[in-house]
Amino acid sequence: MASSQLGARGQCLRLLKTRGFLLLKLSAAILAVLLFCEFLIYYLVIFRCSWPELKTPEGAGTLGAPKAPEPVLRAMFLADTHLLGAVRGHWLDKLRRPGRTMWGASGRCSDTRPTCSCGPWLATTTSASTTSEWMDTYRIKRFEKVFNPERLFSWKGINFVMVNSVALEGDGCDICSRAEAELLEISHWLNCSREEHSPRGCGDRQRLPASAPILLQHFPLYRRNDANCSGEDAAPPDEKYTPFKERYDVLSWEVSRKLLWWLRPRLILSGHTHSACEVQHRAGVLEVSVPSFSWRNRNNPSFIMGSITPMDYALAKCYLPREDMVLTTYCVAAGCLMLITLIPTGLVSAPFHFGQRVLRKFKTM
């Protein structure tokens with residue numbers, strides 16, 4: 001009787017040890033999957049990115065000495081983050097998508113330490129058909145209070161012009177008129193700075209660097225569609241030939257011509273379409289449409305890394321992990337954990353025994 005009780009106790013202890021060991025293995029596996037999908041995968045994917053190298057030829061300085069290298073501005077450009085905030089959207093979606101995409105960008109910032117990062121001018125989430133539907137003075141002031149956007153600013157001898165492209169509807173509204181007046185004033189200031197000697201009418205205003213500006217705006221300049229855009233993050237084939245609507249998908253042809261004429265930029269960075277595209281405008285001005293930095297809009301979000309000097313620039317693209325790859329990893333891991341859990345219970349045969357039975361069947365045949 002005593003020996004049977006001892007045997008039952010030993011069996012119970014072995015069962016508890018087996019279950020405890022199984023629970024420990026499951027916990028370790030779950031922790032490893034979470035660590036990989038929520039942390040390590042970003043290092044494996046994003047940290048392959050690097051700042052682009054400039055190919056500016058070295059010139060000669062005074063007395064034949066080599067010219068000192070120009071200071072390089074390193075900037076990150078994001079577009080269409082589509083952050084839902086604290087009110088709209090499901091909590092799981094907000095935790096998974098905005099949290100992970102922003103963590104990926106901030107992780108890259110901490111590793112490479114860019115001089116600046118630009119995003120609010122590209123990351124607006126509005127898509128109203130007319131300015132008056134959503135745009136008013138109160139919202140503009142609230143935006144400017146948070147982001148403190150200067151329309152014209154210079155870093156390391158590089159001029160940037162931020163354009164409120166939503167206000168360029170050309171419908172004569174008060175906000176549109178003020179935005180156009182600001183652009184004319186900026187154009188005049190840039191033209192005065194380009195002259196070697198300040199002409200009449202420029203006044204005593206502080207001179208800007210003589211380099212052509214880089215134009216930052218949300219809406220792209222006018223183009224018919226994305227038919228000439230290419231790359232893995234370009235628009236899908238069924239959307240490439242869809243005509244763009246002026247003042248909704250792109251700026252109007254007239255406003256686009258004005259911006260090129262007034263500002264004479266050397267590079268234009270825009271967003272809004274959620275897809276990548278490179279367009280050559282007149283005088284060889286390159287426009288780069290930055291794809292959406294949100295898993296809500298793309299399976300492969302990305303951002304632009306730029307190395308910029310007053311006379312040259314180089315751009316490179318850096319991708320986040322593909323969302324379908326992360327979800328597939330979770331599904332495969334969940335299936336493996338389910339098998340590990342069911343095999344000791346006998347509900348599912350061990351793969352070794354299953355393979356033995358299959359081989360026996362083939363032998364008998």
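Tutor: A residue is called buried when its relative accessible area is under 20%, and exposed when that area is over 50%. Please keep in mind that this is a predicted model.

Student: Is F303 buried or exposed, then?

Tutor: F303 has a relative accessibility of 0%, so it counts as buried.

Student: And what about F293, buried or exposed?

Tutor: F293 is buried, because its relative accessible area is 0%.

Student: How many aromatic pairs are there in the structure?

Tutor: There are five aromatic pairs. In one of them, the ring centres of F153 and W155 lie 5.3 Å apart with the planes at 65°, so this pair is edge-to-face.

Student: How is a ring pair described in general?

Tutor: Two quantities are used, the distance of the centres and the angle of the planes.

Student: What about the rings of F293 and F303?

Tutor: Their centres are 5.7 Å apart and their planes stand at 75°, so the pair of F293 and F303 is edge-to-face. This pair links distant parts of the chain, 10 residues apart: F303 belongs to strand 9 (302-308), whereas F293 lies in the loop between strand 8 (286-289) and strand 9.

Student: Which residues do ring pairs link into a cluster?

Tutor: The cluster consists of F153, W155 and F160.

Student: Changing topic, where does the charged end of K245 sit?

Tutor: The charged end of K245 is placed over the ring of Y248, 5.6 Å from the ring centre.

Student: In which sense does strand 8 pair with strand 6, parallel or antiparallel?

Tutor: Strand 6 (residues 267-270) pairs with strand 8 in the parallel sense, over four bridges. Within this pairing, L267 has L286 of strand 8 as its bridge partner.

Student: And how does strand 7 run relative to strand 8?

Tutor: Strand 7 (residues 277-280) and strand 8 run antiparallel and are joined by four bridges. Here Q280 stands opposite L286.

Student: What is found in the hairpin of those two strands?

Tutor: The hairpin of strand 7 and strand 8 has five residues between the strands, and A283 takes a positive phi near 65° there.

Terms used:
Residues numbered from 1 in each chain as written. Predicted model: local features only at pLDDT ≥ 70, side-chain atom pairs only at ≥ 80, totals over all residues. Heavy atoms only, no water. Phe/Tyr/Trp six-rings, centres within 6.5 Å; stacked < 30°, edge-to-face > 60°. Buried < 20%, exposed > 50% of the residue type's maximum accessible area, 1.4 Å probe, protein only. Lys NZ or Arg CZ within 6 Å of the ring centre and 35° of its normal. Pairing = 2+ DSSP bridges.
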